[in-house]
Amino acid sequence: MNCFRTMLKIKHLASSSGHFSAFLHSSSAPNVLKTGQVLKLARTFSDSDVVDYSKLSLDGNPLHFEPECARIAGFADRLVPGMLVASLFPRIIAFHFPGAVYVSQTLQFKLPVYIGEEITGEVEATSIRKLKNKYVAKFLTKCFKDDNTLVIDGEATAILPAPAWENSRTRA
């Protein structure tokens, strides 16, 4: 399957899922990235998301499954695994730039995320530089509850395919 068909399939899956809503905050054309541009994706994490993540990652931490254990540890309820929440970042980048290669990510978990809360992941391009026939983009990465309470903070680097910058004048 070529990249264009894969991109269409990804966008269709994202738009047909009840858990996601994606939106681009920019006047730029799709798949063109400029420094300062912000890309966002909102998701509500469900109990089944936590169970599925646990099966794949083998993360059986009782904080994610036992309310009493979570309360004893000082939390109001069961937690969504932090790495599951942080998975919004590569999804945002790949949604807008199919074929992107995620190179690095730093994370600081600021506040807990509970099952059923809507979380908005946000990536902001901070620098873009050419590397042969591709581009290296650095991003600030953040997740928010209710679009204002910071729950995850970090930075990411990704290598994006050349068409992402065809019309961009910003390079760092």
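β4 and β5 pair in the antiparallel sense over twelve bridges. Strands here are DSSP runs of E with at least two residues, helices are runs of H or I with at least four, and both are numbered from the N terminus. Two strands count as paired if DSSP finds at least two bridges between them. This is a predicted model, in which local features need pLDDT of at least 70, side-chain atom pairs count only at pLDDT 80 or more, and totals for chains, interfaces and linings use all residues. Residues are numbered from 1 along each chain as its sequence is written, and side-chain values use heavy atoms, with hydrogens and water left out.

β4 has another partner. Strand β2 (residues 38–44) runs antiparallel to β4, and seven bridges join the two. Follow Val-123 in β4. Val-123 is the bridge partner of Leu-39. Val-123 also stands opposite Thr-141 in β5.

## The hairpin turn

β4 covers residues 118–131 and β5 covers 134–145, with Lys-132 in the loop between them. The hairpin of β4 and β5 has two residues between the strands. Lys-132 takes a positive phi, near 55°, and is a residue other than glycine. Lys-132 is exposed, with a relative accessible area of 74%. Exposed means over 50% relative accessible area, buried means under 20%, and partly exposed lies in between (1.4 Å probe, protein chains only).

Which residues of α2 are buried? Asp-49, Val-50 and Ser-54 are. They lie on the same side of α2, because they cover an arc of only 135° around the axis. That arc is taken from the directions from the helix axis to the C-beta atoms. The buried residues of α2 pack against β2 and α4, where contact means heavy atoms within 4.5 Å. Turn to the other side of α2: Lys-55 and Leu-56 are exposed there.

Leu-58 follows α2. Its place is in the loop between α2 (47–57) and α3 (67–72). Leu-58 has a positive phi near 65°, although it is a residue other than glycine. Leu-58 counts as exposed, at 74% relative accessibility.

## Salt bridges

How many salt bridges are there? The count comes to six. The rule asks for a side-chain nitrogen of Lys or Arg within 4 Å of a carboxyl oxygen of Asp or Glu.

One of them joins Lys-40 and Glu-122, whose closest N and O atoms are 3.5 Å apart. This pair links distant parts of the chain: Lys-40 sits in strand β2, Glu-122 in strand β4, and they are 82 residues apart. Both Lys-40 and Glu-122 are buried. Asp-47 and Arg-78 form another salt bridge, at 2.8 Å from N to O. Asp-47 lies in helix α2 and Arg-78 in the loop between α3 and α4 (82–86), so this pair ties together parts 31 residues apart in sequence. Asp-47 is partly exposed, at 35% relative accessibility. Arg-78 is buried, at 16%.

## A pair within helix α3

Glu-68 and Arg-71 also meet in a salt bridge (3.8 Å, N to O). Glu-68 and Arg-71 are separated by about one helical turn, because they are three residues apart in helix α3. An α-helix has 3.6 residues a turn, so residues three or four places apart point the same way. Glu-68 is partly exposed, with a relative accessible area of 47%. Arg-71 is partly exposed too, at 44%.
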